[in-house]
Amino acid sequence: MNYPIYLDHNATTPCSPEVIQAMLPWFGEHFGNAASKSHAFGWMAENGVETAREQIANLIGAQAKEIILTSGATEAINLAIKGVFNAYSKEEKQHFITCLTEHKAVLDTFHALELEGAEVTYLPVDSEGNIDLEQLKAAILPHTTMICLMWANNETGVIHPIDRISRLAEAHNIIFFTDAVQAVGKIPVSVSGIHLLALTGHKLFGPKGVGALYIRHNHPLPKPQTQIHGGGHEKGFRSGTLNVPAIVGFGKAAEVRIAHMKEEAKRLEVLRDLLENKLLSLPDTNLNGGQNRLSHVTNIAFGGVEGEELLRKVCQKVAVSSGSACTSISPKPSHVLGAMGINSDLGRASIRFSLGRNTTRQEVLDAAEWLENVVRELRG
Ligand code: PLP
């Protein structure tokens, strides 16, 4: 067994072999700039990018022309939220609705907009991480411009009722933006009813530093305004020379996900349940998050142990996350678990396990055994 066992696929995933193979020629042989229109090197690179755009679009049921390539989901999220705020800048007041358990890329962007006068409602969640749709409905104001709710939570895997949210947004003529980073490539994701959607390469066995914003074509609501100005790349939404090898890798990763997503989710659910059941059989141990979750994720609270010590020990053999980094001296409790009503001590003593394509049954059994030993030892 190779240690540490990697159970942190919601943080990032290794590039799959097919992806590495697909990327290699684009670093050397096919090095052209996709914006060079006057020679074959440029045409070749543009071809690679457009094939990838098609593959990415296919994964989410979009059209290639609706995909704007970015440096990752954080940039896509900034483009969506700030871009919509700018698009409505002539309005006297602007109101946004989001949720306390969103990723920091969303929450910090809204905090920045609040300084510029945006009004933001942060919906609460229940103890299982779910929003209340009646509360969402009640939060809609005449000047609400956007609802922004993630597809699946990165810490707990909890899935939001995206269909019902999108119908509500549509009925009120409000833009619906979803951060689908953790859902895309893991469960079926379709852009039907959605105006804006962010995704990224490195969570689906593709490379880091590449992502996309889906922008619905042919819709009367305003489109986000450009945040990065320059040569007018990506239909003017996002300038900058395209990272062709990474884009090709992202496209290949999307294609591979379409082929493997379904059977992999089934396999991982069995392994995740095995891990979860073993850990939950320890006394004073609880699941964080409800049952409507991504099938490769479990987040478990280990009562009666000190969070910092727990992480330090666990990380010797198993690579996992809590709301904080393993090496942090005084880890901060997770804002997601806090919003679910979990106190900060228990939040610090909670661990997210996220399985992936290469996770084996033996790894899960070893990880569970190590966790059991660590928890027993820490509890004396
Ligand atoms: N949104 C969610 C839910 C995430 O999990 C992450 C990555 O951790 C991001 C956004 C940011 O993605 P990127 O690393 O591509 O900027």
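How far does a polar side-chain atom of D179 lie from a nitrogen atom of the ligand? In this model the distance is 2.6 Å, and I'd like to start there.

A quick word on what we have, everyone. This is a predicted model, so to speak of local features we need pLDDT of at least 70, and side-chain atom pairs count only at pLDDT 80 or more, while totals for chains, interfaces and linings use all residues. Residues are numbered from 1 along each chain as its sequence is written, and side-chain values use heavy atoms, with hydrogens and water left out.

Back to the ligand. T74 brings a polar side-chain atom to 2.5 Å from one of the ligand's oxygen atoms. For H103, a side-chain N or O atom is 3.3 Å from an oxygen atom of the ligand. A polar contact here is a pair of N or O atoms within 3.5 Å. Of the 390 Å² of accessible area that the ligand has on its own, the protein covers 84%; that area comes from the Shrake-Rupley method with a 1.4 Å probe.

Who else is around? The ligand is surrounded by 13 residues, and the closest are T74, D179, Q182, T200 and K203; to be near, a residue needs a heavy atom within 4 Å. By class, that shell has 7 polar, 4 nonpolar and 2 charged residues, with Asp, Glu, Lys and Arg counted as charged, Ala, Val, Leu, Ile, Met, Phe, Trp, Tyr, Cys and Pro as nonpolar, and the others, Gly among them, as polar. Helix α3, residues 73-87, gives the most to the shell, with 3 residues.

Now the sheet. Three strands form an open sheet in the order β9-β10-β12, with antiparallel pairing. Two strands pair if DSSP finds at least two bridges between them, and β10 (297-302) and β12 have 5. One of the residues involved is T298, whose bridge partner in β12 is F353. At the edges sit β9 (285-287) and β12 (350-354), each pairing on one side only.

Stepping back, the protein chain has 11 helices and 12 strands; these are DSSP runs, H or I over at least four residues for helices and E over at least two for strands, numbered from the N terminus.

Two backbone details to finish. The peptide bond from Y3 to P4 is cis, with omega near -5 degrees, and P4 is in the segment before β1 (5-6). N218, in the loop between β8 (211-215) and α7 (244-280), has a positive phi, near 55 degrees, in a residue other than glycine. Thanks, everyone!

How values were computed: Polar contact = N/O pair within 3.5 Å; in protein donor to acceptor, adjacent residues only side chain to side chain.
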